[in-house]
Amino acid sequence: MRGLGGFLADLNDSGLEGALRSTGLEELVGRDRYDLIDPLITKLVGTGGDLDSSAARDALCDVLDELFAGAESWEELNDPTRSMVDADQLLQLLESYLAHYIYNRVPVIAERLGRIADPALLRQADRDMRTVIEDCVTLKLREISAPLQVDWRGPEGTKVANETMEYAYRMLSDIEPEASP
C-alpha cells in the first residue's frame with residue numbers, strides 16, 4: 001500500500017508523468033496502457049511470486065482498472081482529468097486496494113467459505129465477508145484527516161496500512177459463516 005499511496009499522491013502533485021518519474025519508471029513515460037501497467041504493478045507491489053505479492057498484484061490491477069478506466073493511449077492515460085487524484089479519490093482508491101488485498105490475502109476466508117456446500121449460503125457468506133472488510137478499511141482510512149499529506153512510502157504509510165489490516169483481521173476473526181450440510 002505504501003508504494004500505491006505514494007504513487008497516487010504523486011499523481012495529485014504532478015500527474016502521471018511526474019508520478020512515473022518519482023517512482024523510477026521514467027522509461028514508461030509516453031507508453032500506452034499495455035506497456036505501462038505491468039511494469040508499474042511490478043514496481044509498486046512485486047512480481048507475484050508469493051501469496052502476499054500475488055494478492056497485492058490482483059488488488060492493484062483492480063485499482064488501476066478503476067483509475068484508468070477506458071484509457072489506452074498515453075494521451076488518455078496522462079489526461080489530467082483522469083490521472084490527477086484529490087484527497088477523496090486517493091482514499092477511495094486506497095480503500096479499494098486494501099479491501100481487495102485483504103480479501104485475497106487472508107487464508108481463513110477461503111477455508112471458512114470452503115465449509116459451505118450450499119451455493120446460496122456461500123454467495124451470501126462471501127458478500128458478508130467482503131462487506132466486513134470494506135467497512136473496516138473505510139472506517140480506518142477515513143480517520144486520516146489529510147491523506148495527501150501522509151508520507152505513504154515512509155513509516156507513516158506503513159503504520160496506516162498495518163493498523164487497517166490488523167483491524168480488518170480482528171473483525172474477520174469474529175465471523176463464523178454458517179456451515180451447510
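Reply: This is a predicted model. Start with α6, which has 19 residues and reaches 26 Å from its first C-alpha to its last, close to the 27 Å expected at 1.5 Å a residue.

Me: What caps the N-terminal end of α6?

Reply: D86 does, with a side-chain oxygen 3.1 Å from the backbone nitrogen of D88.

Me: Which residues of α6 are buried?

Reply: In general, nonpolar side chains in soluble globular proteins tend to be buried together. In α6 the buried residues include L90, L91, L93, L94, Y97, L98 and I102, but also E95 and S96.

Me: How many residues are in the largest nonpolar core, and which have the most contacts inside it?

Reply: That core has 57 residues, and those with the most contacts inside it are L8, L16, L20, L36, L60, Y97 and I102. The helices that each supply at least two of its residues include α1 (2–22), α3 (51–67) and α8 (119–141). The most comes from α6, with ten residues.

Me: What does I102 touch, leaving out residues up to four places away in sequence?

Reply: I102 touches I109, I133, V137, M165, A168, Y169 and L172.

Me: Why is the pair Y97 and Y101 stacked?

Reply: Planes under 30 degrees apart count as stacked. The planes of Y97 and Y101 are at 15 degrees, with ring centres 6.1 Å apart, so the pair qualifies as stacked. The two are four residues apart in α6, about one helical turn. Y97 is buried at 2% relative accessibility, and Y101 is buried at 8%.

Me: Which residue lies over the face of Y103?

Reply: R130 does, at 3.7 Å from the ring centre.

Technical notes: Residues numbered from 1 in each chain as written. Predicted model: local features only at pLDDT ≥ 70, side-chain atom pairs only at ≥ 80, totals over all residues. Heavy atoms only, no water. Core = buried A, V, L, I, M, F, W, Y, C linked by side-chain atoms within 4.5 Å. Buried < 20%, exposed > 50% of the residue type's maximum accessible area, 1.4 Å probe, protein only. Contact = heavy atoms within 4.5 Å. Expected span 1.5 Å × (residues − 1). Polar contact = N/O pair within 3.5 Å; in protein donor to acceptor, adjacent residues only side chain to side chain. Phe/Tyr/Trp six-rings, centres within 6.5 Å; stacked < 30°, edge-to-face > 60°. Lys NZ or Arg CZ within 6 Å of the ring centre and 35° of its normal.
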